[in-house]
Amino acid sequence: MKDVSHLSGGPSRHEPYSTSSTSSTPATPADRVARAAVVGAGPAGSLLAILLARRGHPVDVYDMRPDPRDGKGDGEGRSINLGLSARGIRALRHVGLWNALGDRLVPMRGRMIHRPDRPATFQAYGTDPGEILYSVRRDELTTLLVERAAEHEGVRHLFGVRCAGVDRESGELTLADAITGETRGAGADFVVGADGAFSAVRAAMQRGLAADYRQEFLEWGYKELTIPAAPGGGSRVPLHALHVWPGENALIVAHPNVDGSLTATLFLPHSGAPGFAELAEERDVIGFFRRVFPSVVELVPDLAAQYAANPVGNLVTIRTSRWRHADRVVLAGDAAHAVYPFYGQGMNSALEDCLVLDGCLARHPGDRAAAFDEYQRLRKPHTDILADLSERNFADLRDGTRSPLRLARRQADLALNRAFPTLWRPLYTMVSHTDMPYGEALRRARRQDRVLRWSGAALAAGAALAAVRISSSPRRTSP
């Protein structure tokens with residue numbers, strides 16, 4: 001196994017978690033000697049490596065995938081595009097990386113809805129021109145974070161190793177070579193599990209303990225497709241938007257790339273008609289797309305070949321009640337709270353985890369157990385709500401973009417936000433364009449819903465009363 005650590009050297013209006021002391025509070029001598037092991041070198045693990053190194057901890061980062069700096073990708077068939085919103089942007093600003101991403105980002109100012117029976121329509125994300133999302137390739141974001149982490153003298157990376165076990169009482173890890181299976185031990189004073197929805201750290205930490213754990217698979221899966229750039233360069237569709245093709249029991253969402261291409265994600269049920277299990281033959285695939293997504297057939301010349309070559313991925317929600325053990329183990333990102341991708345908040349909430357955990361460590365110098373406990377208490381209620389919101393937004397993307405009723409409600413939300421920008425905000429705006437805690441955003445949205453219902457009831461009652469008065473008043477006769 002090879003240590004490659006030295007081969008290469010939108011502001012929010014809400015501050016729900018105090019992080020002002022994150023970089024200014026000096027670490028105690030006890031903290032300075034505590035060695036951290038971070039399992040997972042994705043966005044959350046790499047950001048935590050940076051934050052822990054800034055706090056004075058030596059950090060060892062382990063990942064079973066190849067070093068992203070080698071350009072080999074993760075090989076897992078996962079979505080290769082991410083949508084950065086306010087929470088993720090805030091985290092990247094915090095470590096000075098937001099500006100470094102500049103030429104890797106494509107701004108998405110709203111949704112472009114494609115329906116077979118009418119022209120494409122654009123729906124802005126909000127009334128404020130600054131309320132936009134940014135499309136970025138997962139590999140480019142991860143590479144940038146790994147590079148920045150490696151610049152810290154105390155950070156070491158070891159790729160191509162799998163976490164095969166964690167002793168939750170001592171922090172000792174068992175690592176296995178991803179190719180040969182050969183195992184070795186590694187020591188740490190505490191372990192951060194940032195190793196995804198099927199976290200080995202979480203499984204080892206919770207083994208034999210009373211820990212609630214719930215894993216829910218959506219009956220739908222997903223498959224990646226690429227809409228290539230136009231032959232002469234540029235994009236085949238307007239680039240600065242998230243493109244959505246809602247269909248009957250089917251959905252495509254496409255993120256733009258800086259080269260003019262788009263990474264499209266096809267969502268379908270695993271079985272049934274239509275479903276991935278039934279679309280096995282080329283004629284069936286093309287027939288399905290011509291019937292449900294005819295414009296995509298024209299946008300993807302090698303559609304059948306791409307469909308056959310790319311794997312089907314699963315969609316999973318993870319909820320668990322135990323995010324940490326004493327002062328030895330703590331979870332972050334998908335390892336603690338995987339969610340469906342339909343609100344675009346999975347990675348953003350994972351990066352927000354890192355800021356919150358870092359702030360808790362700042363407030364409890366020398367007492368990691370207290371810091372880990374506060375971190376779970378601050379985060380878990382809100383990430384549980386995010387899981388519910390993400391599931392609900394699946395129905396909105398699939399059906400709501402085709403529903404005149406939901407469209408009318410959305411327009412009412414935007415109109416009220418435009419008229420009363422500080423008093424009325426759509427739920428999507430609060431979730432995606434601020435760092436207001438998810439629970440507070442939902443509570444506020446529900447209050448606004450009640451106001452609309454009361455207003456509608458009052459208008460209806462007023463109209464009915466007026467009608468009664470008119471019908472009961474004496475009629476005047478002509479002279």
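**Entry 1: asparagine 310**

Is asparagine 310 buried, partly exposed or exposed? I'm working on a predicted model, and in it asparagine 310 has a relative accessible area of 24%. Buried would need under 20%, so I put asparagine 310 down as partly exposed.

I then looked up where asparagine 310 sits: it is in the loop between α8 (303-309) and β17. Leaving aside neighbours within four places in sequence, I get contacts from asparagine 310 to Lys223, Glu224 and Leu225. I followed up on glutamate 224, which is 86 residues away from asparagine 310 along the chain. Their C-alpha atoms are separated by 6.5 Å, and the asparagine 310 side chain reaches the backbone oxygen of glutamate 224 at 2.6 Å.

**Entry 2: the seven-stranded sheet**

Next I traced the sheet that contains β17. What is the strand order? I read β6-β5-β14-β15-β16-β13-β17, an open sheet of seven strands with mixed pairing. At the edges are β6 (118-124) and β17 (313-320), each pairing on one side only. From one strand to the next, I get an average twist of 25°.

I zoomed in on one pair here. Strand β14 (residues 242-247) and strand β15 (residues 250-256) run antiparallel and are joined by five bridges. In this pair, proline 246 stands opposite leucine 251 of β15.

Which helices lie on this sheet? I noted two of them, α6 and α11. Helix α6 (residues 282-292) lies across β13 (213-227), β14, β15 and β16 (262-269), and I have its direction at about 85° to β15. Helix α11 (residues 368-398) touches β5 (110-115), β13, β14, β15 and β17, and its direction makes about 150° with that of β17.

I went through phi and omega next. Most residues other than glycine have a negative phi, and most peptide bonds are trans.

- Asparagine 249 isn't a glycine, yet its phi is positive at about 60°. I find asparagine 249 in the loop between β14 and β15, partly exposed at 32% relative accessibility.
- Alanine 326 also has a positive phi, near 50°. Its place is the loop between β18 (324-325) and β19 (329-331), and at 33% relative accessibility I count alanine 326 as partly exposed.
- The peptide bond from alanine 273 to proline 274 is cis, with omega near 0°. Proline 274 belongs to the loop between β16 and α6.

**Entry 3: the kink in α11**

Where does the helix bend? I find a kink of about 35° at arginine 379, shortly before proline 381.

How many residues of α10 are buried? I count 16 of the 18, so α10 is largely enclosed by the rest of the structure.

Why do I call arginine 87 buried? Because its relative accessibility is 1%, and the cut-off for buried is under 20%. Its side chain makes a polar contact with the side chain of glutamate 352, at 3.2 Å. Beyond four places in sequence, I list among the contacts of arginine 87 Gln345, Asn348 and Glu352, and also Met430, Asp435 and Tyr438.

**Entry 4: the three-stranded sheet**

Three strands form it, open and antiparallel, in the order β3-β7-β4. The edge strands are β3 (81-84) and β4 (106-108), each pairing on one side only. I get an average twist of 35° from one strand to the next. Strands β4 and β7 (residues 133-137) pair over three bridges, and I see proline 107 standing opposite tyrosine 134 in β7.

Notes
Residues are numbered from 1 along each chain as its sequence is written. This is a predicted model: local features need pLDDT of at least 70, side-chain atom pairs count only at pLDDT 80 or more; totals for chains, interfaces and linings use all residues. Side-chain values use heavy atoms; hydrogens and water are left out. Two strands pair if DSSP finds at least two bridges between them. Helices (H or I, at least four residues) and strands (E, at least two) are DSSP runs, numbered from the N terminus. Axes are lines fitted to C-alpha atoms, for helices over the stretch in contact, and angles run from 0 to 180 degrees between N-to-C directions. Contact means heavy atoms within 4.5 Å. Buried means under 20% relative accessible area, exposed over 50%, partly exposed in between (1.4 Å probe, protein chains only). A polar contact is a pair of N or O atoms within 3.5 Å; within protein, one must be able to donate a hydrogen and the other to accept it, and residues adjacent in sequence count only if both atoms are side-chain atoms. The bend at a residue is the angle between axes fitted to the seven residues ending there and the seven starting there.
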